[in-house]
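Hi,

Here is the structure I promised to pass on to you. Have a look at it first, and then read on for my notes.

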Amino acid sequence: MVTSGFSGSKWGDPTADMMSKDGHGNNAAKQDPGSLFTVEKAIGVRDIWKKLDGAGRPVTGQGVGVALLDSGVTQVPGLDASLKVTYGPDLSIEGNGVLANQDTFGHGTFMAGIIAGRGTTNPSSALSSAPASIQLGVAPDAKLLALKLATTDGSTDVSQVIAALDWVTEHPVMPDGTRVRVINLSYGTDSAQGYQIDPLAAAAENAWKHGIVVVTSAGNSGSDTGRLSDPAIDPYVLAVGAADSSDSVDGWAPNHTKVASFSNVSTGRHADLIAPGTSLVSLRDPGSYVDVNNPQGLVSGDVSGKLFRGSGTSQAGAVVSGAVADLVQAFPSLTPDQVKYALTASADPVLGSSVNAVGAGMIDMQHAFDLASHIVKTNANGAALKAAAVQSFAPATGQGSLDAARGGDVPLDADGNPISGEVDIQGNPWNAPAWWQASSSLTAWSGGQWMGTTWTGDGWTIDPSGLSSARWSSARWSSARWSDANWSSARWSSARWSSARWSSARWSSARWSSARWSSDSW
């Protein structure tokens, strides 16, 4: 089955549910294969939290911004600390109304929990020894820049994603001075055009070449397409496939794990590495589309009602985005190429698996940290490693077709008319040469205008008390296509999430218990 975008949703994992239960029928995070505690122990990141950066701070993602280009982020417990989440422009159709910046779909909130959730106010120095029941994101002290692209049913258009990539590349510093070093992009299409001419691939590569590590999902189509999703097709960016633990706590170990059956396999450009991606537990977004339509994803025994479980290459990508945030805190001089080299050259081989499925292998953060520490040295070995890390693929310039970049999905306007051909989601003609000149020179955005058309407001709106996260101001789109702004949920030609073009998630049915977020203490 070919899936694209936020797609590939399948629900149900009764085996993981059963394996996670204690004698009282409650979830025990230590015996749960998908708890963040299990995942973080398996990839070595909880040991990384014990290390200190050059300023003497625990390596927990401190001082690092991760841009999450997704369906938005709801500030549920674990994401509700002051300035944990900053809201960039809402480029979704819902940005025109009362639903602006709200994660009405639920996918972005789930990914945010994996990347940087922090459900306790205990100091960073204590996080490495936090109980298993306290779920913490892979980089619990990283900050999130949320750009909402998808609407209630997960729909978005490739032009909105390109605009968002351009915006972050041009605005890499958040209002509090935190620099965005990572973009998490769980979006992917089944575009068949080459990366060198594909505009989505070019936009992702442009962010990479301006110093931001772009983490993309390999896709959830398995071996059906024979290629990665777009923009993971671009060889510069970090393409992440999903590992499968087979519902075993030790199933993430290189000699036990395997590639998930849904993770894209490619004989050409393949995933760079794999990371845990099945039956992961993260934060629930109550009342969202995913939550309401998939009650089987609720974590059984979780009396707090805060948790949800899902699988996909999006989950795997979120794990890696958190890992990158930790690495660049520890070694801020690392370039995107060097980050990618540190992760791939240190990955653990996966027994019995093809490179076309697993790339370099399973992420190993302890090995990656050690390799990164040598890359940044100024001796001969450091120089050799820096040289080895440089990527020299043919550059992407985005001069191909915007419509082809959409793959097989066709967006509809508010009257149900297809938007196809070389036009963006507002119906404006697409001029590839003009866009690439502006994008590559960091001039595609001017205030709230992208390529000369209003998409959002003109600047940051900051709470003078400092108690709330900053938000980018909003403005109604000027295009006649959206003048009514009448979108309670976006309409797409092939319907809902399964065709909505986000590479994420298969949400499991396993109902869990533990792993609740504490408020102030353990």
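In which sense do β1 and β4 pair, and over how many bridges? They pair in the parallel sense, over six bridges. Two strands count as paired here if DSSP finds at least two bridges between them. Helices (H or I, at least four residues) and strands (E, at least two) are DSSP runs, numbered from the N terminus.

Before I go on, some housekeeping. This is a predicted model, so please note that local features need pLDDT of at least 70 and side-chain atom pairs count only at pLDDT 80 or more, while totals for chains, interfaces and linings use all residues. Residues are numbered from 1 along each chain as its sequence is written, and side-chain values use heavy atoms, with hydrogens and water left out.

**The chain as a whole**

The protein chain has 15 helices and 16 strands. Of its 522 residues, 62% are buried; buried means under 20% relative accessible area, exposed over 50%, and partly exposed in between (1.4 Å probe, protein chains only). Among contacts with a separation of 6 or more, 79% are between residues 24 or more positions apart, a contact being heavy atoms within 4.5 Å. The accessible surface is about 16700 Å², and carbon and sulfur atoms account for 52% of that. Accessible areas come from the Shrake-Rupley method with a 1.4 Å probe, and for residues only the protein chains shown count as cover.

**Around β4**

Back to β4 (residues 179-185), which is mostly covered, with six of its seven residues buried. Between β4 and β5 the chain passes through helix α6 (residues 199-209), giving a right-handed β-α-β crossover. Right-handed means that, with the strands pointing away from the viewer, the path from the first strand over the helix to the second runs clockwise.

**The largest nonpolar core**

In soluble globular proteins, nonpolar side chains tend to be buried together. Here the largest nonpolar core has 133 residues, and the ones touching the most other members are Leu 69, Ile 183, Val 324 and Leu 343. Helix α8 (residues 313-330) gives the most to this core, with 10 residues. By nonpolar core I mean a set of buried Ala, Val, Leu, Ile, Met, Phe, Trp, Tyr and Cys residues joined through side-chain atoms within 4.5 Å. Val 324 is worth a click: leaving aside neighbours within four places in sequence, its contacts are Val 182, Val 213, Val 215, Leu 238, Val 339 and Leu 343.

Which residues of α14 are buried? They are Ala 432, Trp 435, Trp 436, Ala 438 and Ser 439. These residues lie on the same side of α14, because they cover an arc of only 165° around the axis, taken from the directions from the helix axis to the C-beta atoms. The face turned away from the buried side carries the exposed residues Pro 433 and Gln 437. Cover for the buried residues includes α5 (158-170), α6 and β12.

β12 belongs to an open, antiparallel sheet of three strands in the order β11-β12-β13. β11 and β13 (453-454) stand at the edges with a single partner strand each, so one side of each is left without a neighbour in the sheet. Two bridges join β11 to β12 (residues 449-450), and Trp 445 has Trp 450 as its bridge partner.

Trp 450 is buried, with a relative accessible area of 2%.

**Backbone points to check**

Asp 230 and Pro 231 are joined by a cis peptide bond, with omega about 25°; Pro 231 is in the loop between β5 (213-217) and β6 (238-244). Leu 83 is not a glycine, yet has a positive phi of about 65°. Leu 83 is in the loop between β1 (64-70) and β2 (85-87) and is partly exposed, at 25% relative accessible area. Leu 442 also has a positive phi, near 60°, and is in the loop between α14 (432-440) and β11 (445-446).

Best wishes
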